[in-house]
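Could you walk me through this model, starting from the inside and working outwards? I have the sequence and the structure open and would like to know where to look.

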Amino acid sequence: MPKLLEVKNLKTQFFTQDGVVHAVNGISYYVNAGETVAIVGESGSGKSVGVMSLIRLIPQPPGKIVDGEVMFDGQDLLKLSEDELRDIRGNRIAMIFQDPMTSLNPVLTIGRQITEALELHLNMNKDQARKRAVQLLEMVGIPGADSRLDDYPHQFSGGMRQRVMIAMGLSCDPQLLIADEPTTALDVTIQAQIVDLTRRLQDELGMAIIWITHDLGVVAGMADRVIVMYSGFIVEEGNVNDLYGKPRHPYTLGLLRSIPRLDLGRQKRLIPIDGLPPDLLEPPTHCPFAPRCSFVQDKCWQENPPLVEVTPGHKAACWVDISNVQVQVSAKEEAAS
Amino acid sequence: MTAYLIRRLFQMVIVVFVVSLFMFFLFNIAPGGPLTGLQQQQRRITPEEKARIRAQYELDLYWPVRYTRWLVGQPQGPLVIGGQEWFANVPMGCYLEATPEEGGGCADYVYLSEMPELHPPIKSSRGILFGDFGNSTVVQAGRPVWDLLASRLMATVELQVISLVLALVIAIPLGIYSAVNQYSKFDYTFTTAAFVGSSMPTFFFGLLFILLFTVLAGRAQEVWPWWPTLPPGLREAVRPYDVASWLRVQPGTPLDRFLHLLMPVAVLTIFSVAAWSRFLRSSMLEVLRQDYVRTARAKGLVERLVINKHALRNALIPFITILVLQIPIFFAGAIVTETVFAWPGMGRLYFDALNRSDYNIALAFIYVTTILTVVATLLGDILYSVVDPRIRY
Ligand SMILES: Nc1ncnc2c1ncn2[C@@H]1O[C@H](COP(=O)(O)OP(=O)(O)O)[C@@H](O)[C@H]1O
Ligand code: SF4
Ligand SMILES: [Mg+2]
């Protein structure tokens with residue numbers, strides 16, 4: 001499959017009064033056309049900054065993309081002029097955000113906000129754009145689409161607003177849709193609806209998706225590959241089966257064990273990962289996860305492990321091979337229950 | 001909306017009523033008044049003379065009675081129902097106070113039945129509720145307050161409208177440009193200047209300008225012949241004057257009026273620009289941080305559209321409050337600036353009235369300003385619901 005997006009050594013920092021925030025520390029990954037890649041990690045791990053850097057949406061200043069390449073369809077997005085990049089934003093790469101309550105402009109009608117991109121990128125006139133906007137709203141399952149175009153965002157529920165955001169994102173038929181925690185602000189049943197909707201639309205339209213979440217559970221049924229981020233680094237990357245079945249990074253293991261599972265019975269409590277998230281002002285010279293890691297060794301404090309392939313297509317950044325340890329843990333758990 | 005409006009109107013009436021009552025009471029207990037001057041001039045003023053003067057200004061009446069007479073022009077005499085007089089012997093005031101030797105209290109009450117004779121309605125007003133503010137007592141004794149206010153209104157409106165328009169035209173782009181270019185050199189310079197500008201007392205720039213363009217202008221012209229001498233006060237001159245050696249201005253000409261406007265307008269504009277552009281800057285910064293601005297950028301809109309279409313509208317919404325509160329100021333004027341430049345407007349009239357205890361003027365001024373303020377607040381709330389679809393009443 002051709003690579004649609006290839007990110008190489010992307011580094012983004014924020015130059016604040018307190019010091020330099022090392023939000024993204026040289027991450028590399030790729031997304032194939034039509035593929036779904038999930039990025040997971042606790043909040044503050046650099047997921048949003050990482051993807052917003054792709055289309056240079058981070059506030060500059062204080063933010064700055066200090067290094068890296070973002071190859072999209074053969075061109076480096078970081079080298080494009082603002083004008084050239086604007087042709088791609090909202091057109092070939094669309095983005096939807098976490099909080100549908102605040103991501104829509106409160107004083108403009110939904111119609112205005114959807115047609116804007118159509119008129120801009122597809123050169124439609126007002127009538128065409130409006131007709132297309134109705135189709136889009138129908139496509140994302142908003143009842144009475146025609147009359148709702150003249151409504152304002154506050155007249156929609158949270159789930160409906162996120163549908164509007166999706167309609168807006170898909171309006172120009174993008175090759176890549178970046179969804180930054182699109183379901184985090186919604187309640188569980190609505191979350192499932194939005195996930196289903198996105199999957200259906202992907203089948204119809206064939207775009208690639210980068211789906212960000214801090215919840216591995218949401219990802220399981222939807223992603224082809226998963227990227228795990230911690231402290232601005234990619235610490236593990238692999239396809240869903242490998243990563244869920246044989247996690248190779250203690251942080252991923254921790255995340256997996258913090259998913260509430262119905263099949264584990266009542267007495268099994270959720271196991272949160274101990275310790276605080278890392279301080280991004282001090283770029284660590286050791287493994288960033290070391291202070292919280294139960295497998296930590298001397299070497300972990302001396303050098304930050306590189307991301308290396310552990311089995312074909314499965315990468316991890318850890319000095320310790322935890323594949324055996326993990327089996328033991330599961331065996332112990334089974335014995336205990 | 002109708003129910004809301006009715007409720008609001010009802011609240012407004014109460015607010016105006018309470019404010020007027022409160023002001024009336026305050027003026028009643030405030031020291032000063034028509035008698036102070038007299039007492040200072042002639043040390044030996046007999047109790048009878050004092051009583052006569054007090055009666056002349058209706059000060060012999062109790063203040064609640066004065067208040068109702070001021071408000072609705074009542075009571076003017078006994079209540080007549082079916083040919084019968086009621087409450088005729090209720091005291092409405094005290095004409096002559098008893099001396100301590102006589103045991104204090106009142107020596108001669110004003111009874112309701114005496115009101116038509118002692119205080120004919122023509123001397124006070126028919127009540128402000130019926131549009132009569134009474135007459136000026138000191139500033140221009142005998143002249144109807146309404147008339148006096150009307151004669152001053154245009155001078156104030158002229159000053160305020162010109163500086164409002166100027167201030168808006170300067171402040172809005174300035175605040176927005178500064179916010180959009182936050183942390184730039186321009187932004188730092190601007191914020192510093194605006195901070196200084198808005199923290200100086202208003203008379204500072206007034207006096208500074210008078211110093212530069214009137215007091216020291218002659219000396220400045222020795223060095224820079226183009227330095228203008230500007231008229232420091234009033235609305236127009238009474239005799240010809242020289243702005244520069246080559247420019248003589250005739251009184252009453254458009255140029256004369258223009259020159260008189262320059263300094264007061266500049267002072268008011270500086271002050272508003274400093275305050276408003278700071279306000280707009282922070283409002284704009286707040287909006288630029290919002291998620292929907294990021295959404296607009298993610299759509300690929302050019303920055304100009306992001307600012308003008310998505311951010312500006314939201315940033316201007318809170319500015320409505322400031323704008324509508326200019327409405328009462330159109331009437332009330334700028335007290336300090338008008339006084340510094342001897343501008344014959346409302347603000348200065350109020351200042352004079354307070355100084356010389358001309359309470360009919362001061363009360364009328366406060367009353368009208370209060371009404372305009374509550375009306376402006378309502379107007380602001382209605383405007384909010386027009387520009388912000390989230391707000392519905
Ligand atoms: N505008 C900003 N200024 C300073 N620091 C920022 C800014 N935006 C993000 N960061 C920092 O970058 C880090 C990564 O943030 P983010 O990518 O939003 O995390 P995530 O999306 O994984 O929750 C955080 O520590 C955050 O504090
Ligand atoms: S390198 Fe060491 S500290 Fe880091 S995750 Fe692996 S075992 Fe833990
Ligand atoms: Mg985020």
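Start with A:L54: leaving out residues up to four places away in sequence, A:L54 touches A:L5, A:V7, A:L10, A:Y29, A:V70, A:L77, A:I178 and A:I210, where contact means heavy atoms within 4.5 Å. A:L54 belongs to the largest nonpolar core, which has 76 residues, and is among the members that touch the most others, along with A:L5, A:Y29, A:L176 and A:I210. A nonpolar core here is a set of buried Ala, Val, Leu, Ile, Met, Phe, Trp, Tyr and Cys residues joined through side-chain atoms within 4.5 Å. Buried means under 20% relative accessible area, exposed means over 50%, and partly exposed is in between, using a 1.4 Å probe and protein chains only. There is also a second, separate core of 32 residues, and that one includes B:M12, B:L149, B:A364 and B:V374.

Before going further, a word on ground rules: this is a predicted model, so local features need pLDDT of at least 70 and side-chain atom pairs count only at pLDDT 80 or more, while totals for chains, interfaces and linings use all residues. Residues are numbered from 1 along each chain as its sequence is written, chains are lettered from A and ligands numbered from 1 in the order in which they are written, and side-chain values use heavy atoms, with hydrogens and water left out.

Now for the ligands. Ligand 1 has 14 residues around it, and A:G44, A:K47, A:S48, A:V49 and A:L280 come nearest; to count as near, a residue needs a heavy atom within 4 Å. Which part of chain A gives the most to this shell? Helix 1 does, with three residues. Strand 1 (3–16), strand 2 (19–32) and helix 1 (47–54) of chain A each supply at least two. Helices (H or I, at least four residues) and strands (E, at least two) are DSSP runs, numbered from the N terminus.

An N or O atom in the side chain of A:S48 sits 2.6 Å from an oxygen atom of ligand 1. On its own, ligand 1 exposes 560 Å², and the protein buries 68% of that (Shrake-Rupley areas with a 1.4 Å probe; for residues, only the protein chains shown count as cover).

How do the shells divide by class? Around ligand 1 there are six nonpolar, six polar and two charged residues. Around ligand 2 there are eleven nonpolar, one polar and no charged. For this count, Ala, Val, Leu, Ile, Met, Phe, Trp, Tyr, Cys and Pro are nonpolar, Asp, Glu, Lys and Arg are charged, and the others, Gly among them, are polar. The residues surrounding ligand 2 include A:H249, A:P250, A:C287, A:C293, A:C300, A:C318 and A:W319.

A:P250 brings us to helix 10 (residues 250–257) of chain A. Seven of its eight residues are buried, so the helix is largely enclosed by the rest of the structure. Among the buried ones are A:P250, A:Y251, A:L253 and A:L256.

Next, look at where the chains meet. A:H121, in helix 3 (residues 110–121) of chain A, is buried at 13% relative accessible area. A polar atom of its side chain lies 2.9 Å from the backbone oxygen of A:R89 and 2.6 Å from the backbone oxygen of B:K299. From the other chain, B:I317 touches A:V107 as well as B:Y384, B:V387 and B:D388, again setting aside residues up to four places away in sequence. B:I317 sits in the loop between helix 12 (303–316) and helix 13 (319–324) of chain B and is buried, with a relative accessible area of 10%.

The peptide bond from A:Q60 to A:P61 is cis, with omega near -10°, and another cis bond joins A:P61 and A:P62, with omega about 5°. A:N123 is not a glycine, yet has a positive phi of about 55°; A:E181, also not a glycine, has one of about 45°. Buried or exposed? A:N123 counts as exposed at 63% relative accessibility, whereas A:E181 is buried at 5%.

Conventions
A polar contact is a pair of N or O atoms within 3.5 Å; within protein, one must be able to donate a hydrogen and the other to accept it, and residues adjacent in sequence count only if both atoms are side-chain atoms.
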